[in-house]
Amino acid sequence: MPELIHVGRDEDRDTYYLNMGPQHPSTHGVLRLRLLLKGEEILEAEPIVGYSHRAHEKMAENRNYIQFLPNTSRIDYLSGMIYNIGYCQAVERILGLEVPERAEYIRIICCELNRISSHLLWYGTLLMDLGGFTPFLYCWDDRENILDILDEVTGSRLTYCYGRFGGVTMDVNDEFLQNTLDFCKRFRERLPEYETLVTENIIFQNRCKDVGVFDQELAQDFALTGPILRAMGHKRDVRRDEPYGIYDKFDFDIPTLNGADTFDRFLIRVEEMHQSLSIVEQAVSRIPDGPVMAPKVPRKIKPPKGEYYFAVESARGHFGMFIVSDGTEIPYRIHLRTPSFANLSSLRSVLRGTMIADTVAILGSIDIVLPEIDR
Amino acid sequence: MSTTLLDTLRQRVPELKTEDNTSTPAAGCTATHVCTTADIPAIAEVFKQAGYCLEMLTCLDMRADGGIFRLVYHFSRADVPDRHRFLADVEPGHEPPTAALLFESANWYEREVYDMYGVRFAGHPDMTRILTEEGADYHPLLKDFGVAHPTDEGNGNA
């Protein structure tokens with residue numbers, strides 16, 4: 001942390017500290033950025049986190065595996081479904097539980113819809129941070145459709161608790177599948193509109209191109225994952241590298257770009273929405289009939305003693321669960337390796353030397369969710 | 001598992017105990033290694049040069065079982081999936097050497113470990129709390145902090 005001694009010196013009259021946040025509409029949660037500025041140039045930036053620390057990891061040590069289920073979707077509330085299902089899959093892998101095929105397909109449909117809704121919220125708020133209000137309304141409109149579809153089957157709109165060890169709580173009906181297909185059709189028609197409205201907009205391009213370029217060595221230094229890493233040319237995606245569920249049965253691309261700037265991170269996420277749509281359509285067209293819960297799930301979940309790790313690809317990157325069991329019903333330790341934590345810490349390096357007006361664009365393009373950083 | 005990497009590792013850290021995990025998918029890593037905290041800088045250097053990143057670092061409170069804290073490091077690659085887990089025991093009161101000088105990501109991870117467990121890292125550039133409030137006098141993830149009140153069901157009484 002730089003000392004305050006710079007401030008007030010005659011030769012440094014333009015150097016001063018500025019606090020951005022913790023209550024600031026563009027920090028997307030309770031994040032405080034301590035910026036050392038010289039005029040409008042950022043000399044040092046220090047993200048200060050922890051304002052929404054709720055001790056999820058401590059809670060995990062106070063309840064059994066089933067009781068921790070509702071916590072998972074509250075860690076990253078935008079990828080709630082992915083986290084909830086991911087936690088189920090982690091425990092299932094430890095126990096060696098087989099999940100019925102229909103449940104696997106339902107999980108994929110729900111997770112990918114959740115990924116699109118998370119990207120839509122990011123899209124809308126990034127544009128709003130940059131001064132464009134209309135795209136926000138477009139995104140909210142489409143996101144609302146997804147929330148309605150998921151609401152129908154899970155009973156909640158944001159903090160889902162749909163997964164169970166061995167399957168999902170409820171079967172989906174034909175109406176759900178038809179609504180999903182309708183959404184895909186509608187959203188495919190809307191995406192070109194997004195393109196003409198935003199992507200081709202010269203003002204937006206000028207705000208984003210060559211802004212917040214990540215140096216290649218940051219990827220290794222900060223253990224970056226997710227769309228940020230893919231915008232740096234690394235073809236990494238947990239769904240492909242360490243397939244979980246039935247992702248290996250689906251045909252989808254991992255988009256990559258090499259610019260590593262704000263605009264490339266934007267394009268990567270837009271392309272990921274296309275890919276998720278394609279996964280959803282494949283899943284709906286191939287979904288088999290059958291049960292949605294495994295027939296024999298132990299009533300008491302007691303994983304054998306040991307250390308386990310399981311990772312899923314959330315909308316923001318590599319979400320890992322490190323589970324330590326001492327052979328009892330209560331986890332000895334669950335550590336949550338959240339993508340935003342590592343990604344946000346890189347902000348120190350990326351903001352150095354940029355202009356203050358670009359802060360919201362860069363921060364927005366990293367796509368952080370504070371509750372998953374603070375946990 | 002790349003053999004050259006393991007050879008380099010063994011040269012730098014001869015007393016490393018390695019367990020192969022390729023046949024147990026639930027472990028989620030290629031191999032688990034047991035080392036001492038003094039070896040961590042050498043290990044981090046090997047992985048840094050091999051292009052790995054420090055994906056995760058956390059701690060376990062094992063004071064009830066051996067009187068130690070156990071640090072858990074995960075190194076993984078940015079191009080092909082390959083994950084190595086390192087377990088290093090720390091006596092309470094001892095300061096393990098930092099990995100933050102080699103991996104920037106360790107900076108926040110180690111601050112989190114300090115915040116949650118009170119384990120300080122020697123040589124860390126900014127050994128302050130990260131998630132809880134400044135000046136707090138507790139370390140929440142210690143097993144004896146806020147003694148657990150498992151619910152009836154969790155207690156096995158259901």
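Student: How many residue pairs are in polar contact between domain 1 of chain A and domain 2 of chain A?

Tutor: In this predicted model, the count between domain 1 of chain A and domain 2 of chain A is three residue pairs in polar contact, with both residues of a pair at pLDDT 80 or more.

Student: Which residues of domain 1 of chain A lose the most area to domain 2 of chain A?

Tutor: One begins with the area that the two parts bury on being put together, which for domain 1 and domain 2 of chain A is about 1600 Å², with 68% of it on carbon and sulfur atoms. On the side of domain 1 of chain A, the residues that lose the most area to domain 2 are His28(A), Glu40(A) and Ile42(A), which together make up 36% of what that side buries.

Student: How many salt bridges does the rule find across the interface of these two domains of chain A?

Tutor: A salt bridge is counted when a side-chain nitrogen of Lys or Arg comes within 4 Å of a carboxyl oxygen of Asp or Glu. Across the interface of domain 1 and domain 2 of chain A, the rule finds one salt bridge. The side chains of Arg352(A) and Glu44(A) meet in a salt bridge at 3.8 Å, taken from N to O.

Student: Which parts of chain A does the salt bridge of Glu57(A) and Arg375(A) link?

Tutor: The side chains of Glu57(A) and Arg375(A) meet at 2.8 Å, N to O, and the pair links distant parts of the chain, with Glu57(A) in helix H1 (residues 56–60) of chain A and Arg375(A) in the segment after helix H15 (370–374) of chain A, 318 residues apart. Over all chains, the count by this rule comes to 40 salt bridges.

Student: How many residues does the contact take from chain B and from chain A?

Tutor: The contact takes 57 residues from chain B and 44 residues from chain A, and the two chains bury about 4200 Å² between them, 53% of it on carbon and sulfur atoms. Five salt bridges are counted between chain B and chain A, and Lys48(B) and Asp221(A) meet through their side chains in a salt bridge of 2.5 Å, N to O.

Student: Which element gives the most to the side of chain B that touches chain A?

Tutor: That element is S3(B), with 11 residues, and by class the side of chain B that touches chain A has 32 nonpolar, 12 polar and 13 charged residues.

Student: In which sense do S2(B) and S5(B) pair?

Tutor: S2(B) and S5(B) pair in the parallel sense over six bridges, and the bridge partner of Thr32(B) in S5(B) is Arg85(B). Strand S1 (residues 17–20) and strand S2 (residues 31–36) of chain B, by contrast, run antiparallel and are joined by four bridges, with Thr18(B) standing opposite His33(B) in S2(B).

Note on methods: Residues are numbered from 1 along each chain as its sequence is written. Chains are lettered from A and ligands numbered from 1 in the order in which they are written. This is a predicted model: local features need pLDDT of at least 70, side-chain atom pairs count only at pLDDT 80 or more; totals for chains, interfaces and linings use all residues. Side-chain values use heavy atoms; hydrogens and water are left out. Contact means heavy atoms within 4.5 Å. Buried area is the accessible area (1.4 Å probe) that two parts lose on being put together, summed over both. Helices (H or I, at least four residues) and strands (E, at least two) are DSSP runs, numbered from the N terminus. Ala, Val, Leu, Ile, Met, Phe, Trp, Tyr, Cys and Pro count as nonpolar, Asp, Glu, Lys and Arg as charged, and the others, Gly among them, as polar. Two strands pair if DSSP finds at least two bridges between them. A polar contact is a pair of N or O atoms within 3.5 Å; within protein, one must be able to donate a hydrogen and the other to accept it, and residues adjacent in sequence count only if both atoms are side-chain atoms.
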